[in-house]
Amino acid sequence: MSKYPPFSRFETGAASARVREQLARLRHRMRNEAILDEATARLATELNIRPGEAAAQLARMAQHSGLDLIEVAKGIERPQEEETLALAVPASVRGMLEAVHASALYLTPIKDSLGRVVDFRILAANRHAMTVPGRAAGELAGRRLMAATPGVAGCGLLDDYIAVYETGESVLREPLEYVEVVDFLLWPATLSVRASRVNDGLLVSWRALDEEELLVSGWERAQRLAELGWGEWNLATERTLWTPQMYEMFGRDRADGPMSLEQLPGAVVPEDLPVIEDMMHCLLEFREAVETGFRIQHRHGVRHLSVYGEPILDADGLPVKVRCLAQDVTKNRRKERALAVAHEQAHWQRQRAEEEHRVTVQLQNTIMPIRRGLIQLPRLTVGVRYLPGEELARLGGDWFKARLLPDGRVILAIGDAMGHGLTAASIMLQMRSGLGGLAYTGADAGRLTTWLNDLIVHSTEGITVTGTAIIGHFDPDARTYAWTNAGHPPPVLIRKDHAALVQGASGTMLGAFDATEYGLTTTRLEPGDVLLLYTDGIVERREQDLETGLAALVQAAHYCAGEDPEEIIGCLLKRLGGENAEDDICLMAAKVL
């Protein structure tokens, strides 16, 4: 008895119940499949069309009726049985059918108005004929094939028969997993099916595989799937037996016969010859089973084999045969190598990302040493906050600028360089430092933005870098903010406990196009107003569009209206979950005095 208590989820009763549920779901799907297959055959027979066309017609009927496809399929009634007249069967056909010791039919084509073969008529059946559900020869002659055996459509046999009739090339399908459909029930069977064109019809025969054939077929299929091969070397007669998969594994033509034990070292890569010698020594000298692996020279390249060999001994303990089970494990070895390479690359990329992050953080700290706090400017108190994203790899290029200019105006700007990591930080450096220099020309915000766009476009060769920004000047005397928008989310104005987006002329993002002009918008401000500038990290969330994020920001700003810009920023971040944002967030709250 195990010393470990059983887990309830693995108790026998619960496990059996789960298996029963799975089987019930599977049988329900099987019944639905049977309903669809038989309905398709019925509709094809009634309309004298091919099964594929009938399936499409069934789908259209479900779409037009608004009903479930299965419900529509259940409503397809069995076509009215045609009167099965005694058909004249040539004596040669009857003789041919009786010579077949399996179920056999002779089929003649049924064509549509375009002359295409869409079904077959069962002209005659031999005395052995028996369908999978048990219909005998007397119930088959004179009927349409799809009416008598609807399963021929679903398993592709009807298409094979049409191809045989049209090309004259015979077909053998063995083993065929055939599923007959009768009264919406499935009758599965494993068959061997042959079809040949004879005169103006088809001779079709089939038989169910017996247990031994099923076991042999299953073993051959398992060998192919698992890439297993088996061989036996008779040391006395020098006769060798190989399964087909052995020829494939060793890249040997079947016409050349199996490889002898003496030839085996010639197929192995030179570095693995000691492995072969050791294996033979164990089998022939020590007379012990051995499990090993080696590589062989294959016509498609080097293959890796895993081999289990055993000697067969006579009564005196002398090896008389050697048997070997081999498996081609080349795919596994390749996966192992690919996994090792992937691990190495991931380690290298991780180191590179960490170094890039370190450089990016240092660069950001150099460019923007102020991450939070208050900046006092003429008739303005500006609160700022910069929060890097939670994921190090997503460290972005958000930036802000609030500075008094020699002409008495105050530049208030915020932007976001597209991308993340060192690339975004370097673009951010270009934007922020470029704007800092251009601002001292005394030009208005529209001209500054145009010049900044030209600087970004022409500062990189062959690489397109872009960003967004709001750039403007606050005039302390007139209490106006003259600004331009380069593809950035609009500002929010908080006035007397009411918040709203400030609409203005919007231009394209920076770096996207050469020679771009930007319009200027002038917004009048009043004492006590708070102008909120921000980057998209505060309004963008997964599975949420930008409009929803902007509406949430305006609502939060209305709730967070107050006197202190820093408190306003803190309130916004708390209500919008900014402290745990995936992307960078930059906020400026400028209060007019």
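**Loop residue, then helices**

I looked up T535 and found it in the loop between β21 (530-534) and α15 (546-559); helices (H or I, at least four residues) and strands (E, at least two) are DSSP runs, numbered from the N terminus. This is a predicted model, where local features need pLDDT of at least 70, side-chain atom pairs count only at pLDDT 80 or more, and totals for chains, interfaces and linings use all residues. Residues are numbered from 1 along each chain as its sequence is written, and side-chain values use heavy atoms, with hydrogens and water left out.

Is T535 buried or exposed? I got a relative accessible area of 0%, so T535 is buried (under 20% relative accessible area, 1.4 Å probe, protein chains only). Skipping residues up to four places away in sequence, I listed its contacts (heavy atoms within 4.5 Å): D398, I414, G415, D416, H488, D584, I585 and C586.

Next I checked α15 against α16 (residues 565-576): they pack at about 135°, axes 9 Å apart. Axes are lines fitted to C-alpha atoms over the stretch in contact, and angles run from 0 to 180 degrees between N-to-C directions. I noted A552, L553, A556, A557 and Y559 of α15 meeting C571, L572, R575 and L576 of α16. I sorted the residues of this contact into eight nonpolar, no polar and one charged (Ala, Val, Leu, Ile, Met, Phe, Trp, Tyr, Cys and Pro are nonpolar; Asp, Glu, Lys and Arg charged; the others, Gly among them, polar).

Note on methods
Buried means under 20% relative accessible area, exposed over 50%, partly exposed in between (1.4 Å probe, protein chains only).
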